[in-house]
Amino acid sequence: MRMLVKISYHGGKFMGFQVQHHERTVQYEFERILKRMHQTFVRINPSSRTDKGVHAIEQCFHFDTHLNIAPDKWKYVFNSALPKDIYVQSVEQISDDFHCRYDCVGKKYRYKVYIDEERHIFEHDTKVQQKKPVDIKKMNETAQHFLGTHDFTSFCSQKTEIQNKIRTIYQSEVNETEDGFEFVVTGSGFLYNMVRVMVAYLILVGEGKRSGEEIHTLLEERDRKKIPFTAPAHGLYLEKVYLDKQELVNEFGTNIEIYNKNSTENV
């Protein structure tokens with residue numbers, strides 16, 4: 001049987017989602033539970049791999065099992081054994097040909113920033129501090145330039161190994177909040193550090209240090225060196241994983257181009 005698990009986690013004390021030797025990761029926490037139950041190693045397959053310090057409001061993975069355990073019992077077993085910074089929202093049985101990574105058609109991220117010269121000690125690892133005011137309206141206008149299909153070479157880490165850096169963005173907006181702002185972006189997939197580089201650039205625009213009109217040129221130049229900053233990890237949240245094309249259509253309309261994964265490239 002193949003089981004689909006939806007989870008949330010606080011990434012502050014994890015070295016990321018993916019297993020690393022001698023480091024605390026989200027994947028390890030689940031695989032240790034499954035190994036104990038099955039008396040053999042069981043691999044989980046996630047829809048996304050978040051970095052050190054990044055949080056998830058909704059993350060998904062699947063695993064295969066021969067154990068005849070009801071979905072609600074799986075949820076209980078996991079939550080009883082997991083640390084307090086991970087929570088299983090739901091577990092359901094799915095088709096054996098479903099793959100959490102390849103059947104993912106989109107993801108939504110949210111980046112949270114508070115604006116204050118004083119540090120908020122209770123939010124130090126859930127939001128990023130911006131000490132000086134920024135022009136949020138100008139940032140939002142700039143964020144619209146990311147919409148559509150582009151090569152995002154200029155807006156990802158130079159460590160990105162994937163050759164195809166073309167991604168489609170369905171939503172890109174900066175919204176004012178009570179204590180600062182949030183950047184919300186939904187796309188077919190995201191490159192390594194892509195959202196954090198986008199945020200870093202938007203903040204420079206908000207500070208008046210860069211022009212939003214540069215974005216089209218930067219996208220065309222495909223030169224990461226033109227944007228030398230990456231926003232901190234702890235303000236970033238994986239908010240939603242789209243496993244059904246209809247979910248995207250319902251939210252963004254029928255005119256969007258939906259990417260179908262045939263490889264590991266659009267992760």
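Guide: Confidence comes before packing. This is a predicted model. The protein chain has a mean pLDDT of 94. Of its residues, 97% reach 70 or more. One stretch calls for caution: over residues 263–267 the pLDDT is below 50. Even so, that stretch has 20 contacts in the model, counted beyond near neighbours in sequence.

Next, the setting. The protein chain carries six helices and 10 strands. Along the principal axes, its C-alpha atoms fill a box of roughly 60 × 45 × 35 Å. The radius of gyration is 19 Å. A compact globule of 267 residues would have a value near 18 Å, so the two agree.

Now the close look: helix α3 against helix α4. Helix α3 spans residues 136–143, and helix α4 spans residues 194–206. Their axes lie 8 Å apart. The packing angle is about 135 degrees. The two helices are therefore oblique to each other. As α3 passes α4, the crossing is right-handed. On the α3 side, the contact is made by K138, M139, T142 and A143. On the α4 side, Y201, L202, I203, V205 and G206 take part. Sorted by class, this contact of α3 with α4 has six nonpolar residues, two polar ones and one charged one.

Helix α1 covers residues 26–38, and helix α2 covers residues 71–81. Their axes come within 10 Å of each other. They cross at roughly 120 degrees. The crossing of α1 and α2 is right-handed. From α1, the contact draws on F30, R32, I33, L34, R36, M37 and H38. From α2 come W74, V77, F78 and A81. The residues of this contact of α1 with α2 divide into eight nonpolar, one polar and two charged.

Back to the part in focus.

Key: Residues are numbered from 1 along each chain as its sequence is written. This is a predicted model: local features need pLDDT of at least 70, side-chain atom pairs count only at pLDDT 80 or more; totals for chains, interfaces and linings use all residues. Side-chain values use heavy atoms; hydrogens and water are left out. Axes are lines fitted to C-alpha atoms, for helices over the stretch in contact, and angles run from 0 to 180 degrees between N-to-C directions. Helices (H or I, at least four residues) and strands (E, at least two) are DSSP runs, numbered from the N terminus. Angles under 35 degrees count as roughly parallel, over 145 as roughly antiparallel, 65 to 115 as roughly perpendicular and the rest as oblique. A crossing is left-handed if the near helix is turned anticlockwise from the far one by less than a right angle, and right-handed if clockwise. Contact means heavy atoms within 4.5 Å. Ala, Val, Leu, Ile, Met, Phe, Trp, Tyr, Cys and Pro count as nonpolar, Asp, Glu, Lys and Arg as charged, and the others, Gly among them, as polar. pLDDT is the predictor's confidence in each residue, from 0 to 100. The radius of gyration is taken over C-alpha atoms; the globule rule is 2.2 Å times the number of residues to the power 0.38.
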